[in-house]
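Have the sequence and the 3D view at hand as you read.

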Amino acid sequence: MKNIITLVLIVTLVLSGCVQKRILDDVNLETGSAYDYVDGKIRGTALVPVYLPDQAVENKTFTATSSLSRDFLRDVQRESSDPLVTGSLKVVLFGEQLAKKKGILDLMDTFQRDPSIGAGLYLAVTEGEAKDFIEGNYGERGNSVYLTNLIKHNMKTMDVPKTNLQRFLFDFNQLGKTPYLPTLKKFGKEQIAITGISFFRYGRVVYSIPAEQMFFFKLLVDDYSQGTLKVTLNSERAAIESIRSKHNFRLISRDPLTIDIQLKVNAVLKEFSGIKVTPKQIKEIENKVKVKIESECKDLIKNFKEKNIDPVGFGHFIKSKTRSFNFEKWQTDYQHLKVNVHAHVTIMESGVIE
């Protein structure tokens with residue numbers, strides 16, 4: 001027994017000696033970063049929160065420009081009085097020019113090789129330069145907390161489909177699946193909004209959809225827990241909220257290739273401009289929502305095929321159902337793929353308006 005205890009103590013001492021210790025007061029914790037493509041080089045901006053007694057968090061930034069993305073952290077260290085570490089990195093923003101022209105693959109490779117960066121890292125594309133977003137002032141808790149909460153909240157309770165570093169890399173490395181990220185736009189000095197979704201091919205943004213289409217895209221790729229959709233019923237307006245949805249794919253034919261999508265949507269009627277909503281009107285609203293969902297989803301899929309991207313993951317789905325899947329053949333078959341969309345809408349409650 002003594003020998004076992006001695007061995008455990010020796011191993012513990014050896015392993016603890018291998019861990020590089022960092023005292024928080026002696027390092028700068030990078031919590032956010034922004035990357036832009038400027039004059040043929042990559043410009044990186046690191047965000048470091050400075051916590052002051054009884055004051056709002058100060059947003060301090062360090063900027064460096066390099067030809068290689070891997071050189072950014074090394075170069076930016078020259079501006080920092082203390083070592084800059086990435087263990088607390090929460091959010092990374094990619095500028096519009098970088099995402100569309102240069103691409104982000106080199107940066108993504110850097111992130112996945114850094115063991116201190118978590119797989120849940122949030123990523124987004126910005127309209128304009130990402131540096132402008134990271135250098136703003138968005139509340140007392142610091143910019144990285146604001147940006148992280150903005151993305152997280154919209155993925156959890158609104159129309160943005162879930163994605164992060166791990167999901168982006170999974171989609172990128174899957175045959176038959178196109179990765180995507182939310183798009184941010186800055187309004188004034190203190191406000192940022194999610195304005196759409198950007199879709200990537202070979203690391204570059206090749207197509208985007210506006211905020212109005214995010215609801216329907218999320219129905220195709222994610223399960224809703226909450227959401228909002230408004231429809232017009234004759235001269236009346238209705239809004240359904242607290243949507244819960246699920247999607248199910250079925251391969252119903254191989255010649256021609258045909259996929260059947262079943263969308264089950266349960267909702268609560270939260271707003272109605274009429275005096276009183278009747279059971280007949282409830283059915284009419286359900287049908288209006290059904291028709292709108294089916295039409296918008298079909299239009300999205302048509303546009304995806306025209307842009308030769310597959311963010312819904314039809315190729316990945318068919319590959320899971322097919323032995324000896326031929327991806328080169330699929331790239332041609334995708335253009336001829338037939339997709340049927342069937343929405344089943346049920347208004348569970350009509351709320352206090354009844």
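Helices α4 and α7 cross in a left-handed manner, meaning that the near helix is turned anticlockwise from the far one by less than a right angle. This is a predicted model, in which local features need pLDDT of at least 70 and side-chain atom pairs count only at pLDDT 80 or more, while totals for chains, interfaces and linings use all residues. Residues are numbered from 1 along each chain as its sequence is written, and side-chain values use heavy atoms, leaving out hydrogens and water.

- The contact (heavy atoms within 4.5 Å) involves L105, M108, F111 and Q112 from α4, and L165, F168, L169 and F172 from α7.
- Helix α4 spans residues 105-113 and helix α7 residues 165-173; they pack at an angle of about 120°, with axes 11 Å apart.

**The nonpolar cores**
- A nonpolar core is a set of buried (under 20% relative accessible area, 1.4 Å probe, protein chains only) Ala, Val, Leu, Ile, Met, Phe, Trp, Tyr and Cys residues joined through side-chain atoms within 4.5 Å.
- In the largest core, which has 68 residues, L93, I261, I285, I293 and F314 touch the most other members.
- Leaving aside residues up to four places away in sequence, I261 touches L220, N248, F249, I301, F314, V339, N340, V341 and H342.
- Another core, of 21 residues, lies apart from it and includes F94, I104, L123 and L181.

**The loop residue T322**
- T322 sits in the loop between α10 (314-320) and α11 (327-336).
- Between T322 and R254 there are 10.0 Å in space, C-alpha to C-alpha, and 68 residues in sequence.

Terms used:
Axes fitted to C-alpha atoms, helices over the stretch in contact; angles between N-to-C directions. Helix = DSSP H or I, 4+ residues; strand = E, 2+ residues; numbered from the N terminus. Buried < 20%, exposed > 50% of the residue type's maximum accessible area, 1.4 Å probe, protein only.
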